[in-house]
Amino acid sequence: MNVADSLRVASALEALGYQPVKAAEQADVIVLNTCVVRQSAEDKAYGRLNSLKAVKKHRPEVVINLMGCLVGVKGHASLKARFPQVDVFSPPSDPGPLIAYLTQDETRALEDAETSRRFAFMDGDITLPLHERGKLVASHVPVVLGCSHACTYCIIPYRRGIERSRPVGDITAEVRSIVEQGVKEVTLLGQIVDRYGKDIPDGPNLAQLLHIVHEIPGLERIRFLTSHPNWMTAELLETVAELPKVMPHIEVPVQAGDDQVLAAMRRGYTANDYRRLVAQIRQVIPGVAIATDVIVGFPGESEAQFQHTYDLLAELKMDVAHLARYSTRPGTVADRKMSDDVPDEEKWRRFRLLEDLQSEIAAEINAQYLGQQVEVLFEEKVKGRWRGRTPTNKLVFVESRQDFRGQVIPVTITWTGPWSMQGRPAQFTQDLIPALSSAAGQAS
């Protein structure tokens with residue numbers, strides 16, 4: 001079985017472009033696959049781990065993976081404390097945690113691309129083509145077009161016009177249509193999605209719209225974005241907590257943590273208002289994940305004002321922070337009346353400080369999922385791994401030969417990082433049987 005496991009992890013590494021080397025000291029990745037059937041085997045593993053300390057000391061970039069029976073399936077906290085030189089711990093027969101670790105940058109790029117796509121959609125730079133929806137498991141449905149709030153940095157009111165809520169009939173017809181084409185999850189979109197129905201006399205609000213969409217057969221999950229602190233109501237939060245199909249995932253941008261900057265942005269709330277809202281969301285919706293947006297380098301933002309934003313994110317510990325460096329948009333109030341006076345180099349410095357902070361926070365939050373079982377809706381297969389999301393919108397990868405597209409599968413989380421998680425589905429054992437049987441046949 002260990003031979004089969006080693007072949008499996010070698011194959012997975014080669015699929016990423018790695019090649020074998022003769023000596024561990026020459027490798028970029030070292031996998032120590034362990035056996036504990038005899039004490040001598042366990043002692044040998046400990047001895048090799050200790051010898052690898054020197055390799056890690058001289059080449060810190062080397063990735064060391066401890067795999068197999070020594071790690072087991074019940075956790076590895078004591079091993080992690082004893083062997084800090086180990087980067088990744090993998091249970092028997094599961095190369096997933098190592099592959100997840102090695103592809104962190106790719107996963108982060110994927111998340112960044114999705115964030116950029118959302119920003120572009122909200123800015124009116126792209127539309128969502130109808131022809132691609134038939135191929136999707138998760139899709140977006142606009143419910144509020146345009147915006148009348150007019151933050152000083154925002155181009156939407158000038159590009160997409162005033163706020164207009166789509167009729168309920170049009171929205172439900174579109175959702176039914178894409179569900180019939182295979183979509184399992186919809187995200188209701190609006191520049192300020194919480195204001196849905198405000199422009200329709202006696203029309204439904206967003207909470208009531210969620211109740212209506214919730215009744216559509218075949219639809220598995222519902223999300224909505226982007227919210228605004230001024231318009232998120234107790235009724236809406238209670239609806240999220242009440243309806244099983246509405247995911248415990250709230251996107252509510254703060255944009256800055258300094259009151260003067262918020263006033264210059266014309267956001268309409270203070271940092272303390274935002275603190276109170278986050279506390280309310282967490283109280284009403286158990287296990288909720290909260291994402292926020294932040295702009296650094298807004299005109300006139302001082303170092304002290306930026307520090308207020310940094311401190312707010314450090315205090316609130318959001319699941320995700322979509323970060324952006326301020327850039328002028330022709331026609332906006334900020335472009336006409338404010339000087340873009342924060343140097344680009346300084347914007348980058350502030351951006352990276354928040355990026356590093358959020359990476360630590362996200363890693364800490366995601367680590368709480370380790371060993372937990374979560375429901376994952378799988379969307380597509382990427383480089384031999386199925387990609388899906390938890391109810392809280394965490395990105396999860398699993399290895400399986402089965403077709404998981406469009407299915408909600410219970411997954412036990414075996415590895416976590418700031419940008420994604422790796423898991424083992426209930427079908428994992430069945431997936432291994434052909435490989436192990438084949439290896440056993442060759443050995444015999």
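**Questions and answers**

Trainee: Which residues of H14 are buried?
Mentor: Buried means under 20% relative accessible area, exposed over 50%, and partly exposed in between, using a 1.4 Å probe and the protein chains only. By that rule the buried residues of H14 are Glu 346, Lys 347, Arg 350, Phe 351, Leu 354, Glu 355, Leu 357, Gln 358, Ile 361, Ala 362, Ile 365 and Asn 366.

Trainee: Before we go on, what kind of model is this, and how are its residues numbered?
Mentor: This is a predicted model, where local features need pLDDT of at least 70 and side-chain atom pairs count only at pLDDT 80 or more, while totals for chains, interfaces and linings use all residues. Side-chain values use heavy atoms, with hydrogens and water left out, and each chain's residues are numbered along its sequence as written, starting from 1.

Trainee: How far does helix H14 reach from its first C-alpha to its last?
Mentor: The expected span of a helix is 1.5 Å times one less than its number of residues. Helix H14 covers residues 344-367, which makes 24 residues, and the expected value is 34 Å. The model comes close to that, with a reach of 34 Å.

Trainee: How many helices and strands does the protein have?
Mentor: Both are DSSP runs numbered from the N terminus: helices are H or I with at least four residues, and strands are E with at least two. Counted this way, the protein has 15 helices and 16 strands.

Trainee: Which residues lie nearest the centre of the second largest pocket?
Mentor: On a 1 Å grid over the protein atoms alone, a pocket is an open set of points where a 1.4 Å probe fits, with protein on both sides within 12 Å along at least five of seven lines; lining residues have an atom within 4 Å of a point. This pocket has 22 lining residues, and helix H1 (2-15), strand S1 (29-34) and helix H2 (39-58) each give two or more of them. Nearest the centre are Leu 13, Pro 20, Val 29, Ile 30 and Val 31.

Trainee: Where is Thr 226 found?
Mentor: Thr 226 is joined to Leu 225 by a cis peptide bond, with omega about 0°. Its place in the chain is the loop between strand S8 (221-225) and helix H9 (234-242).

Trainee: Is Ala 150 buried or exposed?
Mentor: Ala 150 sits in the loop between strand S5 (144-145) and helix H6 (156-159). Its phi is positive, about 60°, although Ala 150 is not a glycine. Its relative accessibility is 19%, so Ala 150 counts as buried.

Trainee: What is the relative accessible area of Lys 317?
Mentor: Lys 317 lies in the loop between helix H12 (303-316) and strand S11 (320-325). Its phi is positive too, near 50°, in a residue other than glycine. Lys 317 is partly exposed, because its relative accessible area is 35%.

Trainee: Leaving aside its neighbours within four places in sequence, which residues is Thr 172 in contact with?
Mentor: Thr 172 belongs to helix H7 (residues 168-180). At 7% relative accessibility, Thr 172 is buried. Contact means heavy atoms within 4.5 Å, and beyond those sequence neighbours Thr 172 touches Ile 212 and Ile 216.
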